[in-house]
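Here is a short tour of a model for you to follow in your viewer.

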Protein chains: 2
Amino acid sequence: MTQGLLIVNTGDGKGKTTAALGLLVRAVGHGMRVGMLQFVKRGTSAGEHRALEALGVEIVPLGAGCTLGREDTALDEQKAREGWDRCAQLLSSGAYDALIFDELTLPLSWGWLDVREVIAALQRRTPGTHVVITGRDAPPSLIDAADLVTEMRMVKHPYHVSRLAPQAGIEW
Amino acid sequence: MTQGLLIVNTGDGKGKTTAALGLLVRAVGHGMRVGMLQFVKRGTSAGEHRALEALGVEIVPLGAGCTLGREDTALDEQKAREGWDRCAQLLSSGAYDALIFDELTLPLSWGWLDVREVIAALQRRTPGTHVVITGRDAPPSLIDAADLVTEMRMVKHPYHVSRLAPQAGIEW
């Protein structure tokens with residue numbers, strides 16, 4: 001029996017979601033059953049969807065879109081809680097070899113989800129299921145619970161790059 | 001005309017190649033023409049190949065396999081130089097929208113390739129071609145020349161994980 005790893009990609013740099021996506025592609029190549037659920041984001045890029053569709057993988061958006069500057073976050077909080085309920089069900093369903101919870105750290109760090117409850121559900125998951133959690137500001141207790149944690153640190157990101165971004169296909 | 005970015009993923013942590021792989025998948029989804037060439041490694045995992053084959057992407061191994069403990073590195077150095085010649089041709093061919101040179105920093109940091117020569121070829125590339133270079137110990141002059149640099153920093157990688165690794169589908 002393979003041990004399921006809990007992997008966290010955090011930090012202020014680029015590549016957190018992208019690395020999770022690469023891992024998903026590898027897993028699919030090994031015939032593993034994978035799923036990717038995205039918090040906060042309302043949807044992913046068309047390119048991501050088209051490529052993953054070709055591999056038979058669906059990305060499930062759980063968010064209400066960008067919440068920046070919105071005063072009333074009640075709907076966003078509700079969506080995050082409903083999204084997490086769905087994740088918790090999948091974790092214990094035995095239907096997946098690897099699950100990616102993209103940007104889960106955001107509703108955690110904003111206090112929309114209870115960190116202890118989330119960690120408890122992660123620890124109760126079907127043995128052998130790998131989980132990858134991405135997003136900046138991962139809570140310390142989540143890092144404690146994880147097997148493998150990488151910080152993506154921004155070394156260089158000049159102004160002209162952010163002006164050009166996002167570019168099709170290179171949406172970090 | 002889209003500006004081609006020079007992106008470097010470096011650091012001692014996991015996810016450098018995996019993030020490049022995720023970026024490649026996004027680019028393919030956008031209908032971009034992509035290529036991935038791997039230095040040092042003799043070949044990638046079967047899972048990686050199967051998934052990328054399904055997307056119509058080939059990974060080209062340029063290395064002679066693991067060189068650790070080998071006293072005579074003449075063959076490895078020669079393979080790296082031949083590999084770079086091939087990369088330089090592709091860079092100016094106009095045949096690619098995005099090229100990934102995986103682990104290119106290794107032959108650079110070992111002195112097998114001339115950093116100035118490599119940077120000059122990168123700067124002469126077909127306008128609009130994105131390049132992603134991965135590997136630890138990226139030379140400072142390469143970082144200077146890059147548009148976007150991320151350091152993947154290992155935060156947590158307990159002994160039991162390295163004992164279990166590599167696991168099929170989760171080969172960081």
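Let's begin with strands E4(B) and E5(B), which run parallel and are joined by four bridges. Leu99(B) has Val131(B) in E5(B) as its bridge partner. Please keep in mind that this is a predicted model.

On the other pairing, E2(B) and E4(B) are also parallel, with five bridges between them. Here Met36(B) stands opposite Ile100(B) of E4(B). How many of the five residues of E4(B) are buried? Five of the five are, so to speak a mostly covered strand by the cut-off of under 20% relative accessible area. Both faces are covered: Ala98(B), Ile100(B) and Asp102(B) are buried on one side, while Leu99(B) and Phe101(B) are buried on the other.

## The sheet across both chains

Zooming out, these strands belong to an open sheet of twelve strands with mixed pairing, in the order E3(A)-E2(A)-E4(A)-E5(A)-E1(A)-E6(A)-E6(B)-E1(B)-E5(B)-E4(B)-E2(B)-E3(B). Its edges are strand E3 (59-61) of chain A and strand E3 (59-61) of chain B, each of which pairs on one side only. On average, neighbouring strands in this sheet are turned by 15° against each other, direction ignored.

Within chain B, strand E1 (residues 6-10) and strand E6 (residues 148-156) pair in the parallel sense over four bridges. Val8(B) sits opposite Val149(B) of E6(B) in this pairing. Helix H1 (residues 16-29) of chain B packs on the sheet, where it touches E1, E2, E4, E5 and E6 of chain B. The direction of H1(B) makes about 160° with that of E2(B).

## Two helices worth a look

H1(B) is mostly covered, with 14 of its 14 residues buried. Just after H1(B), Gly31(B) takes a positive phi of about 75°.

In chain A, helix H3 (residues 74-91) has 18 residues that should span 26 Å at 1.5 Å a residue, which agrees with the 26 Å between its end C-alpha atoms. Which residues of H3(A) are buried? They are Asp76(A), Ala80(A), Gly83(A), Trp84(A), Cys87(A) and Leu91(A). Seen down the helix axis, the buried residues of H3(A) fall within an arc of 105°, so they line one face. Their cover includes E2, E4, helix H4 (105-109), helix H5 (115-123) and strand E5 (130-134) of chain A.

## Nonpolar cores

The largest nonpolar core has 42 residues, and those touching the most other members are Leu24(A), Val34(A), Leu55(A), Leu24(B), Val34(B) and Leu55(B). H1, E2, H2 and E4 of chain A, together with H1, E2, H2 and E4 of chain B, each supply at least two residues of this core. Leaving out residues up to four places away in sequence, Leu55(A) touches Val25(A), Val28(A), Ala51(B), Ala54(B) and Leu55(B).

Apart from this lies another core of 27 residues, including Leu37(B), Trp84(B), Leu108(B) and Leu113(B).

## Two loop residues with positive phi

Glu103(B), although not a glycine, has a positive phi of about 65°. Glu103(B) lies in the loop between E4 and helix H4 (105-109) of chain B. Asp137(B), also a residue other than glycine, has a positive phi near 55°, and its place is the loop between E5 and helix H6 (140-145) of chain B.

Are these two buried or exposed? Glu103(B) is buried, with a relative accessible area of 14%, whereas Asp137(B) is exposed at 53%.

How values were computed
Residues numbered from 1 in each chain as written. Chains lettered and ligands numbered in written order. Predicted model: local features only at pLDDT ≥ 70, side-chain atom pairs only at ≥ 80, totals over all residues. Heavy atoms only, no water. Pairing = 2+ DSSP bridges. Axes fitted to C-alpha atoms, helices over the stretch in contact; angles between N-to-C directions. Contact = heavy atoms within 4.5 Å. Core = buried A, V, L, I, M, F, W, Y, C linked by side-chain atoms within 4.5 Å. Buried < 20%, exposed > 50% of the residue type's maximum accessible area, 1.4 Å probe, protein only. Expected span 1.5 Å × (residues − 1). Arc of directions from axis to C-beta.
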